[in-house]
Amino acid sequence: MALYSSPALWSTPTLFSSPRLCFRPRTPRAFSTFSSPPLPSISRSTPPRKAFPGDVVLDTKDSSLVVCFGEMLIDFVPTTNGLSLADAPAFKKAAGGAPANVAVGIARLGGSSAFIGKVGEDEFGYMLADILKKNNVNNEGMRFDPGARTALAFVTLRSDGEREFMFYRNPSADMLLQEAELDLDLIRKAKILHYGSISLITEPCKSAHIAAAKAAKEADVVLSYDPNLRLPLWPSAKSAREGILSIWETADIIKISEEEISFLTEGEDPFDETVVRKLYHPNLNLLLVTEGPDGCRYYTKEFSGRVKGMKVDAVDTTGAGDAFVAGILSQLAVDLSLIQNEDKLRDALLFANACGALTVTGRGAIPALPTREAVLDVMLKSVA
């Protein structure tokens with residue numbers, strides 16, 4: 001029985017019609033040139049233009065805008081790996097929050113992005129708004145709460161660069177975004193609306209999330225979903241599983257990790273194709289399964305396969321999945337037909353894998369997100 005059998009919150013028309021999902025191994029082929037549609041390049045000599053509210057004009061007829069909805073916060077990352085929070089000698093302050101990471105990641109890659117969410121009317125909140133501006137992310141949909149603080153997260157880095165989190169949200173401003181505060185015009189202008197599941201945990205943000213996705217779907221905006229499981233933030237594992245799956249079948253694109261597959265299927269093997277098929281709902285157009293340094297798997301209605309990853313020395317894995325999402329969405333926003341062309345999709349996923357790999361070589365999520373030039377350079381060196 002499929003895991004997504006609960007009724008949809010609203011109707012979900014498909015983007016493409018095509019036959020049954022199947023897994024078909026492919027022979028690896030040499031990478032020659034990045035063949036997906038080119039994005040605007042970023043010059044190293046020209047600093048990014050600051051995007052102050054009101055100065056970004058969106059093309060409503062042929063927009064490649066990706067709007068990212070959800071949380072933005074401050075990550076405190078220890079300067080030394082392998083120590084507990086109590087033993088860490090110092091922390092590096094870094095902007096974070098998965099949807100915001102994706103927005104900045106897309107802009108760094110030369111794409112068009114916007115962020116919708118709420119921060120505190122405090123120094124950290126203003127700092128985060130300024131970071132979005134400096135990275136050329138449209139922040140017109142950002143709201144400030146005078147009565148709640150910007151969320152904080154302390155991150156423990158194990159010796160292998162993997163993380164554990166401790167959050168300060170009781171409640172934080174991102175949890176208090178209301179439906180009436182949504183910039184619906186911005187959402188309707190987008191090509192893609194991207195979101196996670198953290199915004200589903202509590203009201204009023206849960207209702208704002210559902211309203212944003214509904215408005216996007218009605219405007220024929222593609223819905224992109226990365227559950228980004230953070231179990232300590234949910235009341236229980238059961239509520240997390242139910243909350244994540246409650247909006248599953250409304251998404252057009254889903255990115256998920258091996259660990260999240262095991263969690264959602266209550267311990268089943270994430271490498272078993274029959275298990276993955278349980279998560280492929282009828283209206284889904286692209287399911288991506290990330291495997292860290294081993295790369296990713298992809299599933300569409302017509303084909304499926306695996307794309308190898310890039311081996312690097314990991315310093316901090318914070319934001320790697322978000323960089324991967326930024327890498328693939330930045331290309332799909334330009335050309336959605338990538339989903340129908342396996343060769344082009346595989347090249348796009350090689351690029352996305354490289355985005356994730358480069359991000360783990362630095363500390364903090366947003367500070368480590370790569371430019372398009374850096375990604376292409378490392379891809380060319382890997383096949384030289």
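Modeller: Let us start with Leu332, which counts as buried because its relative accessibility is 0%, where buried means under 20% relative accessible area, exposed means over 50% and partly exposed lies in between, with a 1.4 Å probe and protein chains only. This is a predicted model, in which local features need pLDDT of at least 70 and side-chain atom pairs count only at pLDDT 80 or more, while totals for chains, interfaces and linings use all residues. Residues are numbered from 1 along each chain as its sequence is written, and side-chain values use heavy atoms, with hydrogens and water left out.

Leu332 belongs to helix α8, which covers residues 320-332; helices (H or I, at least four residues) and strands (E, at least two) are DSSP runs, numbered from the N terminus. If residues up to four places away in sequence are not counted, Leu332 touches Ile192, Ile253, Leu286, Leu338 and Ile339, a contact being heavy atoms within 4.5 Å. Val222 is 110 residues away from Leu332 along the chain, yet their C-alpha atoms are separated by 9.9 Å.

Leu332 is also one of the residues that touch the most other members of the largest nonpolar core, together with Met72, Ile328, Leu329 and Leu349, in a core of 59 residues. Such a core is a set of buried Ala, Val, Leu, Ile, Met, Phe, Trp, Tyr and Cys residues joined through side-chain atoms within 4.5 Å. Helix α9, residues 342-359, gives the most to this core, with ten residues. Apart from this core lies another one, of 50 residues, including Leu73 and Leu223. In soluble globular proteins, nonpolar side chains tend to be buried together.

From α9 we can move on to its partner, helix α11 (residues 372-383), for the axes of the two helices come within 9 Å and cross at roughly 105°, the axes being lines fitted to C-alpha atoms over the stretch in contact, with angles from 0 to 180 degrees between N-to-C directions.

Finally, for the chain as a whole, the secondary structure comes to eleven helices and 13 strands, and buried residues make up 57% of its 384 residues.
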